[in-house]
Amino acid sequence: MKQEEQIVIVGAGLSGLTLAYVLSKHTIYPKILEASSRIGGRIQTIKGTRNTPLELGATWFSNIHSHLISLLDELGIEKFKQYTQGISLFETAVSNPIQQFKVPENQNSSFRISGGTQTLIDTLYDNIPAENIKLNTSVTKITDLDNTLLIETHNGEQLKANKVILCMPPQLISSTIKCFPALPENVQSLLPSVQTWMGGSIKFVIEYASPFWRNKGYSGMVFSHIGIVSEMHDHTNSKENKFGFTGFLNEGAITYTQEDRKKYVLQQLHAILGSEALDPLFYFDKEWKDEYIIGTNPIIQKPHQNNGHHLLQQSYMNDKLFFSGTESSQQFGGYMEGAIVSVKNTYKKLIDCL
């Protein structure tokens, strides 16, 4: 049985949910199909033992990310400054002492979302009819039927829509969705070469009972060329009553089990911050390489490769198929800001042809 929809959005990450929210303000209510079992995409906030919000995905933004900040203001979501006060540390080489530096206060402060980045996702979800979002539904095929597009899913469901917007990494689109007739050859060649931001990264979070590093005069900011932790930041919440760190592990950490990664993280933090680091309340890390992030055989050479490519700005299948994920954005591709910019551009195209 085929359902008729005006607009179908594929992907319930930040771009997909924001597009649905923007359209809903104009009484247009698209259907959203999400392959995974949760909404949010590369935004994922988990809670520690003491309910500390801990970011496994997108975390920071700054004043130059004006579209994201406008959306937060519109939705009544508060932001707060990333803590950078005190001594920051840089491990350059095993043979060299740890370098110390301070981050000057300036206008380019980084911000975080109060309550966790998931607050943005949850608030968007609350402004969209819940029945319009379908999880665990992978789109496998899109066929042009002249006046409409036929969408087929992995479980045999079929939907027909006037417009389909792909709010997912282009590289993933290339390996999971077949189009009939096929997209132009230059587009087919481009998609697997569009780098997926965060793809392949390992982000860790760790929770503590107290901010012992702050008490010692440290900012919690660490960069390292020698340890398993390559980058780390203070992750205390906005009320400053829940404490921890978040950061990235080096590429070689992929070869370890999570238990081993935790052991090596604690060893490194012990060496640079003291014995209190050996007693966390909670530890978790995530490898961003599952089937919802990276498909098969990507052709990637550098960060942000082909993000915002001009071919991703065009519509296909007789102006019925659009790309609108953050990697499609010509500004801040890969970041939360890029997702919002891409949505605004796509919205203009849709309104012009609806």
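Colleague: What makes the charged end of Lys79 count as sitting over the ring of Phe111?

Modeller: In this predicted model, the charged end of Lys79 lies 5.3 Å from the centre of the Phe111 ring, and the cut-off for a charge over a ring is 6 Å, together with an angle within 35 degrees of the ring normal. Lys286 is placed over the face of Trp288 in turn, at 4.1 Å from the ring centre.

Colleague: Why is the pair of Tyr208 and Trp213 called edge-to-face?

Modeller: The structure holds 11 aromatic pairs. In the pair of Tyr208 and Trp213 the ring centres are 6.0 Å apart and the planes stand at 65 degrees; since rings pair within 6.5 Å and planes over 60 degrees apart count as edge-to-face, the pair is therefore edge-to-face. Both Tyr208 and Trp213 are buried, and together with Phe212 and Phe245 they form one aromatic cluster.

Colleague: Which residues have the most contacts inside the largest nonpolar core, and which elements give two or more residues to this core?

Modeller: The largest nonpolar core has 37 residues, and those with the most contacts inside it are Leu14, Leu17, Leu19, Phe61 and Leu120. Strand 1, helix 1, helix 2, strand 9, helix 3 and helix 8 each give two or more residues to this core, with the largest share, seven residues, coming from helix 1. A second, separate core of 27 residues includes Ile142, Met168, Ile173 and Leu183.

Colleague: What does Phe61 touch, leaving aside residues up to four places away in sequence?

Modeller: The contacts of Phe61 include Leu68, Ile69 and Leu72, and also Lys79, Phe111 and Met336.

Colleague: Why do strand 5 and strand 6 count as edges of their sheet?

Modeller: The open sheet of three strands runs in the order 5-9-6 with antiparallel pairing. Strand 5 (61-62) and strand 6 (79-81) each have a single partner strand, so one side of each is left without a neighbour in the sheet. Strand 5 pairs with strand 9 over two bridges, which meets the requirement of at least two bridges, and Ser62 stands opposite Ser110 in strand 9.

Colleague: How do you know that the buried residues of helix 2 line one face of the helix?

Modeller: The buried residues of helix 2 are Leu68, Ile69, Leu71, Leu72 and Leu75. Seen down the axis of helix 2, these buried residues fall within an arc of 160 degrees, so they line one face of the helix. What covers them includes helix 1, strand 5, strand 6, strand 9, helix 3 and helix 8. Helix 2 is followed by Gly76, whose phi is positive, near 70 degrees.

Notes
Residues are numbered from 1 along each chain as its sequence is written. This is a predicted model: local features need pLDDT of at least 70, side-chain atom pairs count only at pLDDT 80 or more; totals for chains, interfaces and linings use all residues. Side-chain values use heavy atoms; hydrogens and water are left out. Rings of Phe, Tyr and Trp (its six-membered ring) pair if their centres lie within 6.5 Å; planes under 30 degrees apart count as stacked, over 60 as edge-to-face and the rest as tilted. Buried means under 20% relative accessible area, exposed over 50%, partly exposed in between (1.4 Å probe, protein chains only). A nonpolar core is a set of buried Ala, Val, Leu, Ile, Met, Phe, Trp, Tyr and Cys residues joined through side-chain atoms within 4.5 Å. Helices (H or I, at least four residues) and strands (E, at least two) are DSSP runs, numbered from the N terminus. Contact means heavy atoms within 4.5 Å. The arc is that of the directions from the helix axis to the C-beta atoms.
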